[in-house]
Amino acid sequence: MVGIDPRLGLLPDVFQKEVNPADFQAVAQAFQDFSLAILDIVAPYAACVKPQLAFFEAVGPAGMHALGRVIRHARKLGLPVVLDGKRNDIGSTAKGYAAAYLGETSAWGGDALTVSPYLGDDSLQPFVDTAVEKDAGIFVLVKTSNPGGGMLQDLNADGRTLFQHVADWVEKTSANLAGSEKYGPVGAVVGATYPEQLAQLRQRMPHAWLLVPGYGAQGGTAEDVRSAFDADGLGAVVNSSRGILFAHSRKEYAGMPWEKAVEQAILDMKNQFAFAFG
């Protein structure tokens, strides 16, 4: 999985040249041009892409227009689109978020959406219902890759950590909806930066797809994420964002054209997985 996280100061020079950071229209155009070029490069190699909504939202309406173009182009290339918005709310508001983002016929056309479980199961159910109706999916935040995630996720309640409570809900819900398939439409976000918990959660959620952030720039390695996959080598997608998007700034690709650096970075990631999985 390639994360689409455009940031003006990190773009190749050709995209940020003479762009005024205060000119949101110009920044949005740079984000769009860069992201579309990235999609063309990674399409032959990536399983799916994950636009991070925040970077597009940060530049206002023009950024959202750019996001729409990026999503449509990814779909045109045959790349499933996971929208990383970590949305949630209660009641009709949750239904609104789900209707906006999930399914090919929705306003944003996402194949899946990341959602927060903090408001409880009644806030998650509208996303589940819409995902089932629209042949889409959701990824619930279970054990995130950031260092501070444990402040709440690792708290103990009734003999289980909070993240284990969430994982058990994900597994029960996805198993009930899987039917004859191995995996249901409700997946989990589990960070590569906690490999021990990742292994435990793969066993705890045998019917849930795992979305694994934290690989590469955040320190996770191919060896760290081996346990995210089932015995057939399936059931998980591992995300890399900065390490691929901005490969031109990495020392191992110094001197390469930025496009070649991106392509080489994703090939190197695939080779690392092939080696680690033997």
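Modeller: Happy to. Let me start with the term itself: on a 1 Å grid over the protein atoms alone, a pocket is an open set of points with protein on both sides within 12 Å along at least five of seven lines, whereas a cavity is a set where a 1.4 Å probe fits but cannot get out; a residue lines it if one of its atoms is within 4 Å of a point. Grid points are joined across faces, edges and corners, and the volume is the space filled by probe spheres set on those points. Please keep in mind that this is a predicted model, where local features need pLDDT of at least 70 and side-chain atom pairs count only at pLDDT 80 or more, while totals for chains, interfaces and linings use all residues. Residues are numbered from 1 along each chain as its sequence is written, and side-chain values use heavy atoms, with hydrogens and water left out.

With that in place, the largest pocket holds about 570 Å³ of space. Its lining has 26 residues, and those closest to the centre are Asp111, Ala112, Ala136, Gly137 and Trp209. Strand β5 supplies the largest share, three residues. By class, the lining has 16 nonpolar, five polar and five charged residues; here Ala, Val, Leu, Ile, Met, Phe, Trp, Tyr, Cys and Pro count as nonpolar, Asp, Glu, Lys and Arg as charged, and the others, including Gly, as polar.

Val82 is 54 residues away from Ala136 along the chain, yet their C-alpha atoms are separated by 9.7 Å. Asp135 also sits in the loop between α6 and β5, but Asp135 is exposed, at 73%. Its phi is near 55 degrees, a positive value in a residue other than glycine. Most residues other than glycine have a negative phi. Lys86, in strand β3 (residues 82-87), likewise has a positive phi, near 50 degrees, and is partly exposed at 39%.

Now follow β5 to the loop between β5 and α7 (150-153), which is where Asn146 lies. Asn146 is partly exposed, with 37% relative accessibility, and its C-alpha is 28 Å from that of Gly68, 78 residues apart along the chain. As for Lys143, its charged end sits over the ring of Tyr194, 4.5 Å from the ring centre; the rule asks for NZ of Lys or CZ of Arg within 6 Å of that centre and within 35 degrees of the ring normal.

Rings also meet other rings in this model. Those of Phe, Tyr and Trp (its six-membered ring) pair if their centres lie within 6.5 Å, with planes under 30 degrees apart called stacked, over 60 edge-to-face and the rest tilted. By this rule there are eight aromatic pairs. Phe34 and Phe246 have ring centres 6.0 Å apart and planes at 5 degrees, so they are stacked. This pair links distant parts of the chain, since Phe34 is in helix α2 and Phe246 is in the loop between α11 (242-245) and α12 (258-277), 212 residues apart. Both are buried. Tyr101 and Trp108 are stacked too, because their centres are 6.4 Å apart and their planes at 20 degrees; Tyr101 is buried at 7%, while Trp108 is partly exposed at 21%. One aromatic cluster is formed by Phe15, Phe34, Phe246 and Trp258.

Finally, helix α2 (residues 24-42) has 19 residues and spans 27 Å from first to last C-alpha, close to the expected 27 Å, which is 1.5 Å times one less than the number of residues. Its buried residues include Val27, Phe31, Phe34, Leu36 and Val42.

Notes:
Helix = DSSP H or I, 4+ residues; strand = E, 2+ residues; numbered from the N terminus. Buried < 20%, exposed > 50% of the residue type's maximum accessible area, 1.4 Å probe, protein only.
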